[in-house]
Amino acid sequence: QLGSIYERLLEHEVVDGEHGLEVGLNTFARKGSGSYYTPDDLVRLIIERTVGPLLKERMATFTASAAKLKGKALEALDPATAILELKVCDPAMGSGHFLVDLVDYLADAVIDATLAAKEVADDYTSPLMGRIASIRGQIMEQANANNWALKEDQLDDRLIVRRMVLKRVIYGVDKNPMAVELAKVALWLHTFTVGAPLSFLDHHLRCGDSLFGETVRGVMDKLAKRGALINNSAIQRASASSKGMEAIELNTDADIAGVKNSAATFEDVSAATAPLSSFMSVLHALEWLDPADKQDRKAIDEWLDGNFGEPFEIAQGRLEPRGAKFEQQNLLGEKEFKQQDLMKGAAGKAEVAERFRLLLQQAKQLASQERYHHWQIAFPGVWTDWQSHEPTGGFDAVIGNPPWDRIKFQEVEWFAARKPEIAHADTAAKRKGLVDKLKKTGDPLALHYDAAAARAAAMLRMARDGGAYPLLSGGDVNIYSLFVERALSLVKPNGLVGLLTPSGIASDKTASEFFRSISTTNRLAALFDFENKKVFFPDIHASFKFCAIIMGGAKRVFDHADCAFYLHKVSELADPDKCFALSGKDFALVNPNTGTAPIFRTKRDAELTTAIYGRVPVLVDRSSGTAKAAWPVKYSTMFHMTNDSNLFRTKAELMKMGAYPVGGNRWKKGEEEFVPLYEGKMVQAYD
């Protein structure tokens with residue numbers, strides 16, 4: 001129930017009240033953080049559909065080799081060990097619901113794999129069993145040394161495997177520090193092992209903004225455009241810290257000494273990555289600030305060129321920016337120079353240095369607030385070859401339920417809990433007048449308002465112009481869509497992504513280019529569309545639609561995608577009439593122009609529609625970039641109900657002007673004949 005508690009905590013915020021700090025109710029605070037507790041059956045659906053195939057593949061690899069290999073060669077393919085080598089991440093983990101269920105799911109899978117391997121290969125025992133026995137022995141040894149009342153049967157294999165999964169496999173990130181702490185508590189409670197301390201988790205559960213940060217190659221390219229270079233020794237040191245991360249992951253924390261060792265090793269990892277991380281955070285923050293002043297931009301260039309001191313040390317706060325030193329020589333190459341020219345030059349450099357000091361201060365404050373997350377540096381070892389245009393590695397699977405909210409600043413919602421009278425203003429003009437009044441009177445709320453609006457604008461600009469989201473940053477950008485594109489950039493080429501998002505990811509026009517790139521290339525594994533009906537998320541509108549979307553990495557393809565629409569409970573997926581298969585060709589066939597998902601309520605609907613489209617071309621096919629018309633048809637308007645209203649007559653008007661009916665709903669007056677007019681909306685009766 002921690003997730004439910006977490007939601008309610010988020011509905012409150014600390015505000016500046018009349019009598020000092022007060023805790024006030026803000027029903028929009030939770031929406032702003034995008035935190036909604038996900039029902040168990042939806043969590044299980046995502047995990048089974050995303051992680052499940054990876055487990056089957058590892059078992060299949062072992063089974064295929066069992067008859068050919070023996071000894072160490074076969075042990076190298078051990079399915080239980082292979083499961084513990086997976087890397088699975090929830091980039092918006094909230095209070096850790098997905099991760100808690102994942103620990104259970106994987107622990108059960110590891111135990112099942114040890115038994116299945118024994119059945120497949122004669123006289124085979126997973127090497128993991130020896131490791132489990134060793135950990136159990138360590139815990140018992142501690143218990144005996146401290147006279148704890150502990151029996152060996154209290155330390156069953158599943159409990160010990162859970163701890164191994166916890167340290168090695170699961171990764172999580174969230175921007176909210178409270179969420180990260182609650183996730184730790186949830187996982188500690190769930191993996192509690194009598195006689196053993198709580199596992200060290202800081203290495204894999206991180207506080208940061210999953211959507212905004214830098215890659216090493218991206219920073220190198222940006223610096224190259226400015227004519228600057230990156231500190232290669234800092235990159236090499238940070239990259240080498242992957243060995244420390246591996247040591248932490250393999251440490252099972254069976255005793256207090258083990259936990260302390262994990263913590264000390266992580267301190268070393270943090271120290272090794274800090275220079276590069278600080279530099280990238282400052283550089284990213286300066287992009288957010290986007291200074292328009294030429295002198296400010298010049299100051300940034302001077303910093304990158306090292307004219308204020310070593311750039312990495314300045315970014316890390318180990319060195320204050322200083323003015324450039326001048327040698328006593330003529331800058332123009334003349335034999336003599338004027339002392340006042342040198343003084344002017346020194347003063348100018350000092351001014352530029354001061355400009356950068358102010359920019360650096362703002363950048364550090366912004367980086368602290370936004371918590372930029374540099375994935376490669378945060379998790380050394382997940383990727384290698386950082387300086388390559390295509391670094392090797394990534395997560396085997398990315399799962400979760402990312403926030404569903406627009407980046408666009410929602411003025412009414414923002415004021416709802418802070419100044420209801422502004423939120424309830426009748427018109428935007430009145431609301432603007434009240435906001436202007438806040439600013440004129442010097443109300444502190446006006447500063448918070450400006451900061452929130454500026455933050456949303458900067459986030460939107462970075463999403464659109466930063467280069468990380470080329471397909472899903474158009475229109476009114478929704479945070480969930482950025483998480484979809486981010487997840488695919490984090491997963492291995494043969495990995496899997498499983499997310500819970502609004503159904504707009506498959507049906508919105510702004511998402512069509514992205515969805516087409518997944519569906520028509522056979523990278524879509526499943527699309528299960530649900531209608532909320534207040535069953536899943538009570539605080540969200542009943543008619544709201546969301547979906548479980550399962551996708552493959554860049555090199556993973558499927559024969560077909562399992563699809564179902566308008567589901568009201570997860571169990572309906574077992575109904576063969578509701579769940580059906582669509583191939584990449586089917587997606588391209590039915591919606592060639594928009595690239596969005598065709599929505600069918602039943603398998604029969606899908607079969608009938610795809611059969612029709614297989615025989616009959618669409619009216620105009622624009623999928624190739626050039627319009628190809630199957631028939632010489634053009635669109636036009638015969639009458640416009642408003643603009644042409646002077647041409648229309650009612651029955652009463654016809655009678656008044658002396659017209660008379662002549663049958664067939666037609667009227668005449670002299671040579672004039674009046675015919676019936678049907679509006680477009682009447683046509684559907686004959687569809």
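The second largest pocket holds about 1,200 Å³ of space. On a 1 Å grid over the protein atoms alone, a pocket is an open set of points where a 1.4 Å probe fits, with protein on both sides within 12 Å along at least five of seven lines, and lining residues have an atom within 4 Å of a point. Grid points are joined across faces, edges and corners, and the volume is the space filled by probe spheres set on them.

This is a predicted model, in which local features need pLDDT of at least 70 and side-chain atom pairs count only at pLDDT 80 or more, while totals for chains, interfaces and linings use all residues. Residues are numbered from 1 along each chain as its sequence is written, and side-chain values use heavy atoms, with hydrogens and water left out.

Helix α23 (479-490) is among the contributing elements, and α23 gives the most to the lining, with 5 residues. Helices (H or I, at least four residues) and strands (E, at least two) are DSSP runs, numbered from the N terminus.

I turn now to the lysine. K87 sits in the loop between α6 (79-84) and β3 (88-90). Is K87 buried or exposed? K87 is buried, that is, under 20% relative accessible area with a 1.4 Å probe, protein chains only. Buried residues make up 45% of the 687 residues in the chain.

Technical notes
Buried means under 20% relative accessible area, exposed over 50%, partly exposed in between (1.4 Å probe, protein chains only). Lys and Arg count as positive and Asp and Glu as negative; His and the chain ends are not counted. A salt bridge is a side-chain nitrogen of Lys or Arg within 4 Å of a carboxyl oxygen of Asp or Glu.
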